[in-house]
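Biologist: Before we talk about pockets and charged pairs, please put the model up.

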Amino acid sequence: MIAVLALIVGVVLGVVLNPTVPDALQPYLPIAVVAALDAVFGGVRAKLDGIFDDKQFVISFISNVLVAAFIVYLGDKLGVGAQLSTGVVVVLGVRIFGNVAAIRRRLFKA
């Protein structure tokens, strides 16, 4: 219940305040969002499997975002930022779709 309220408050604040991302951080935002979605879908899957641990979820969420941002940062410094960004999105996308498939099988038995 608290998570749903926090989500609603966050969406409302985002719409009302219309925050902007600094130019230096804009390349990292899409990767951070994909990494966060990976952690969220992994958490939902773990909850449905009855093995959810809130500490593990928070650590997974933060570490996924930081590692993904670091990989993109490293790619930018090496001059291959776009390629590494694509690699991160593909890896996390495969994980997201795997988790969504598991959630679908669990909920709809299909």
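Modeller: Lining residues are those with an atom within 4 Å of a pocket point, and helices are DSSP runs numbered from the N terminus. The model is a predicted one.

Biologist: Which element gives the most to the lining of the largest pocket?

Modeller: The largest pocket has a volume of about 220 Å³. Among the 15 residues that line the largest pocket, G42, G43, A46, Q56 and S60 are the closest to its centre. Elements giving two or more residues to this lining are α2 (29-49), α3 (54-78) and α4 (81-108). With seven residues, the top contributor is α2.

Biologist: How many charged residues are in the lining of the largest pocket?

Modeller: Sorted by class, the lining has five nonpolar and five polar residues. The number of charged residues there is five.

Biologist: In the salt bridge of R95 and D38, which residue is buried?

Modeller: The two side chains meet at 2.8 Å, N to O. The pair links distant parts of the chain, 57 residues apart, with R95 in helix α4 and D38 in helix α2. R95 has a relative accessible area of 44%, so R95 is partly exposed. Buried means under 20%, and at 1% the buried residue is D38.

Biologist: By about how much are D49 and R45 separated in helix α2?

Modeller: The side chains of D49 and R45 meet in a salt bridge at 4.0 Å, N to O. D49 is partly exposed at 38%, and R45 is partly exposed at 33%. Because D49 and R45 are four residues apart in helix α2, their separation is about one helical turn.

Conventions. Residues numbered from 1 in each chain as written. Predicted model: local features only at pLDDT ≥ 70, side-chain atom pairs only at ≥ 80, totals over all residues. Heavy atoms only, no water. 1 Å grid on protein atoms, 1.4 Å probe; cavity = no way out; pocket = protein on both sides within 12 Å on 5 of 7 lines; lining within 4 Å. Points joined across faces, edges and corners; volume = space filled by probe spheres on them. Nonpolar A, V, L, I, M, F, W, Y, C, P; charged D, E, K, R; others polar. Buried < 20%, exposed > 50% of the residue type's maximum accessible area, 1.4 Å probe, protein only.
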